[in-house]
Amino acid sequence: MSALLEAVGLRKTFRARGRLVHAVEGVSLAVAAGEALGIVGESGCGKTTTARMLLRLEEPTEGGIRFDGADITKLHGNALRPFRARAQLVFQNPFDALNPRFTIRRSLTEPLRNFGVAASEHRERIDAVLRRVRLTPPESWLDRRPHELSGGQLQRVVLARALVPEPRLIVADEPVSMLDVSVRAGILNLLREARDALGLAAIYISHDLALIRYVCERTLVMYLGQVVEEGPTAALIAEPAHPYTAVLVAAVPVARVDQNRAALPVRGSLSDAPPTAPGCTFRDRCPHAMPRCTADTPALRSISGDRRVACHLGDLP
Ligand SMILES: Nc1ncnc2c1ncn2[C@@H]1O[C@H](COP(=O)(O)OP(=O)(O)O)[C@@H](O)[C@H]1O
Ligand SMILES: [Mg+2]
């Protein structure tokens with residue numbers, strides 16, 4: 001399976017109020033056409049920063065990104081336009097993703113115009129995408145403005161806007177977290193249908209393992225800017241290899257996306273462990289910590305064909 005998008009060793013360091021924030025510390029991943037990859041981890045672990053680097057909305061401090069075989073790490077301005085059309089972000093908050101003064105027609109025309117689609121094709125493309133997100137008949141939606149729509153309807157428009165340039169990759173960062181629980185599964189199902197119909201690659205980002213389990217075949221677990229575990233979602237949930245994954249699984253008692261849950265119980269702080277200090281960043285909260293966890297940083301290692309974990313447990317020195 002060849003990757004559509006591949007990232008190697010992504011790092012991002014921010015300078016905030018005079019101190020450095022190591023938001024992402026060496027994330028590598030790949031996603032193929034038709035595949036849905038999940039990135040899960042608690043708030044602040046670097047998921048959004050990773051997504052923004054993958055979409056070249058944020059410049060990586062270090063690392064490389066390839067899309068469809070081409071190195072896009074250093075592209076800027078006009079050179080990025082073809083990539084911008086093919087890799088689209090689904091925004092988290094539908095209530096501020098759309099210009100409140102724009103009609104839906106205008107919100108959907110803008111990307112087509114930006115990416116140089118002939119005006120003669122606009123109406124057909126917009127109608128098709130509105131049908132795809134079940135805002136039908138399209139003509140009854142075109143002249144409405146955001147304030148006339150519910151949260152779920154707004155998120156359908158946001159999804160339509162991401163799909164209208166005919167992307168090959170969708171990155172959905174907490175795509176339903178701002179929505180009422182009752183409409184979440186509907187939006188996720190629409191996304192899945194669009195992916196299946198169009199053969200899109202997708203990266204779903206969420207703090208919610210239930211959402212990831214619902215939509216992703218493969219999952220990366222992030223903790224404090226690093227990938228601590230990676231594998232097929234079902235196997236990773238059935239038998240977590242990293243103690244942090246086990247904590248996430250324990251926090252998700254039911255496999256449902258239509259219920260609200262309490263916040264995750266474990267919280268780390270990025271300033272706890274500067275990247276130069278050796279040892280596992282999870283050790284202070286880990287029920288299995290041993291002396292080696294302070295002395296040695298666990299590298300991401302393969303534990304079976306398609307699973308990797310960054311943990312000393314079960315690793316014979
Ligand atoms: N532009 C920025 N400037 C400074 N710090 C940032 C910036 N963006 C994110 N961060 C910090 O980087 C860390 C990771 O943030 P983020 O990627 O948003 O995590 P997540 O999406 O997993 O909640 C956090 O500590 C956050 O405060
Ligand atoms: Mg985020």
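At what angle do the axes of helix α4 (residues 104-114) and helix α5 (residues 119-132) cross? In this predicted model, local features need pLDDT of at least 70 and side-chain atom pairs count only at pLDDT 80 or more, while totals for chains, interfaces and linings use all residues. Residues are numbered from 1 along each chain as its sequence is written, chains are lettered from A and ligands numbered from 1 in the order in which they are written, and side-chain values use heavy atoms, with hydrogens and water left out.

The axes of α4 and α5 cross at roughly 120° and come within 10 Å. That angle makes α4 oblique to α5 (under 35 degrees counts as roughly parallel, over 145 as roughly antiparallel, 65 to 115 as roughly perpendicular and the rest as oblique). Axes here are lines fitted to C-alpha atoms, for helices over the stretch in contact, with angles from 0 to 180 degrees between N-to-C directions; helices are DSSP runs (H or I, at least four residues), as are strands (E, at least two), numbered from the N terminus. On the α4 side, Ile-104, Arg-105, Leu-108, Thr-109, Leu-112 and Arg-113 make the contact (heavy atoms within 4.5 Å), and they meet His-122, Arg-123, Arg-125, Ile-126, Val-129 and Leu-130 of α5.

Leaving aside residues up to four places away in sequence, Leu-163 touches Val-129, Arg-132, Val-133, Ile-170, Ala-194, Leu-198 and Leu-200.

Helix α1 (residues 47-54) is largely enclosed by the rest of the structure, because 6 of its 8 residues are buried (under 20% relative accessible area, with exposed over 50% and partly exposed in between, for a 1.4 Å probe and protein chains only). Just after α1, Arg-56 takes a positive phi of about 60°.

Finally, Thr-297 sits in the loop between α11 (291-295) and β11 (301-304), where this residue is partly exposed, at a relative accessible area of 49%. Its contacts, not counting residues up to four places away in sequence, are Ala-277, Pro-278, Gly-279 and His-312. Thr-297 and His-312 are 15 residues apart along the chain, and their C-alpha atoms are separated by 8.7 Å.
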